[in-house]
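Biologist: Before I rely on the labels for this chain, I want to know what stands behind each of them. Please set every value against its cut-off.

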Amino acid sequence: IESINVGVQMTRKLSELMEIINIKADELTDSIIKDGNDSYDINYNFDKRLRLQKMVYLIQHETKEFNYNFSLYLRGPYSRELAKEYYNPTNEYTESEEALGSRSRELAAKLSEKDNLWLEIASTIVMFSDSYDIRKAVERTKEFKEKILNSEKKHPSYVDSVFEDIRSMGLLETARHL
C-alpha cells in the first residue's frame with residue numbers, strides 16, 4: 001500500500017518571504033535545548049511566529065499574494081492555516097509556483113526593520129480598518145492594545161505613530177487619503 005503524504009506544503013512565496021526576513025523554518029517551532037550545565041530548557045520561538053504572522057497578514061492585505069484566513073486574537077491577526085504550514089513544512093513546492101512579487105518583497109524588506117510591537121499594532125489597525133473607518137480603527141486598536149501598550153511602557157499615542165508609518169508606507173488605501 002502506497003503511503004499518502006499528509007504534510008502541509010509550504011508555498012514558494014512563504015519560503016521566499018521567510019528567507020527575506022531571515023527566519024528559518026526550524027526557528028518557528030519550540031524545542032528543548034541543552035545548556036552548558038547538562039540541563040535542559042525550552043527554546044520558545046513565539047516572537048518569530050508572531051513576527052511571521054503579522055508580516056504575512058500585512059503583505060497579504062496589501063498585495064493579495066497570500067490566501068490565508070485570519071482572525072483577531074489577543075496579539076492581533078492570526079491564521080491557523082499559516083501556523084500549520086510552518087509547524088509542518090514540507091518545502092515540496094513545484095517549480096511552476098510563482099515567486100513573490102516586487103511589491104511583496106519591498107514590503108517585506110520595510111517590515112523586517114520594524115519590531116514586533118509595531119507589527120502587532122500595525123496589523124491590528126489594518127484588520128480593524130476592514131470593519132471601521134480609519135479613525136475608528138485607530139481608536140479601537142488603542143482600546144484593544146491597552147494592556148500591551150502599558151506593559152511595554154508605551155503611551156497610546158504610539159498607535160498614532162504606527163498609523164502614520166502605515167500611511168507613509170502605503171499599506172492602506174484609505175489611510176493614504178486622510
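**Labels and their cut-offs**

Modeller: Lys 154 lies over the face of Tyr 158, at 4.8 Å from the ring centre. This is a predicted model, in which local features need pLDDT of at least 70 and side-chain atom pairs count only at pLDDT 80 or more, while totals for chains, interfaces and linings use all residues. Residues are numbered from 1 along each chain as its sequence is written, and side-chain values use heavy atoms, with hydrogens and water left out.

Biologist: Why is Lys 154 said to lie over the face of Tyr 158?

Modeller: The rule asks for NZ of Lys or CZ of Arg within 6 Å of the ring centre and within 35 degrees of the ring normal. The 4.8 Å for Lys 154 is within that distance limit. Lys 114 is placed likewise over the face of Trp 118, at 5.0 Å from the ring centre.

Biologist: Why is the pair of Phe 66 and Tyr 68 called stacked?

Modeller: Rings of Phe, Tyr and Trp (its six-membered ring) pair if their centres lie within 6.5 Å; planes under 30 degrees apart count as stacked, over 60 as edge-to-face and the rest as tilted. Phe 66 and Tyr 68 are 6.0 Å apart centre to centre, with 25° between the planes, so the pair is stacked.

Biologist: What makes α1 largely enclosed by the rest of the structure?

Modeller: Helices (H or I, at least four residues) and strands (E, at least two) are DSSP runs, numbered from the N terminus. Seven of the nine residues of α1 are buried, so the helix is largely enclosed. Those buried residues pack against α2, α3 and α4.

Biologist: Which residues touch the most other members of the largest nonpolar core?

Modeller: Leu 52 and Trp 118 do, in a core of 44 residues. A nonpolar core is a set of buried Ala, Val, Leu, Ile, Met, Phe, Trp, Tyr and Cys residues joined through side-chain atoms within 4.5 Å. The largest share, nine residues, comes from α5. Contact means heavy atoms within 4.5 Å; leaving aside neighbours within four places in sequence, Leu 52 is in contact with residues including Leu 14, Leu 17, Leu 82 and Tyr 86.

Biologist: Which element gives the largest share of the lining of the largest pocket?

Modeller: α2 does, with five residues. Lining residues, among them Phe 46, Arg 49 and Tyr 86, are listed because they have an atom within 4 Å of a pocket point.

Notes. Buried means under 20% relative accessible area, exposed over 50%, partly exposed in between (1.4 Å probe, protein chains only). On a 1 Å grid over the protein atoms alone, a cavity is a set of points where a 1.4 Å probe fits but cannot get out, and a pocket is an open set with protein on both sides within 12 Å along at least five of seven lines; lining residues have an atom within 4 Å of a point.
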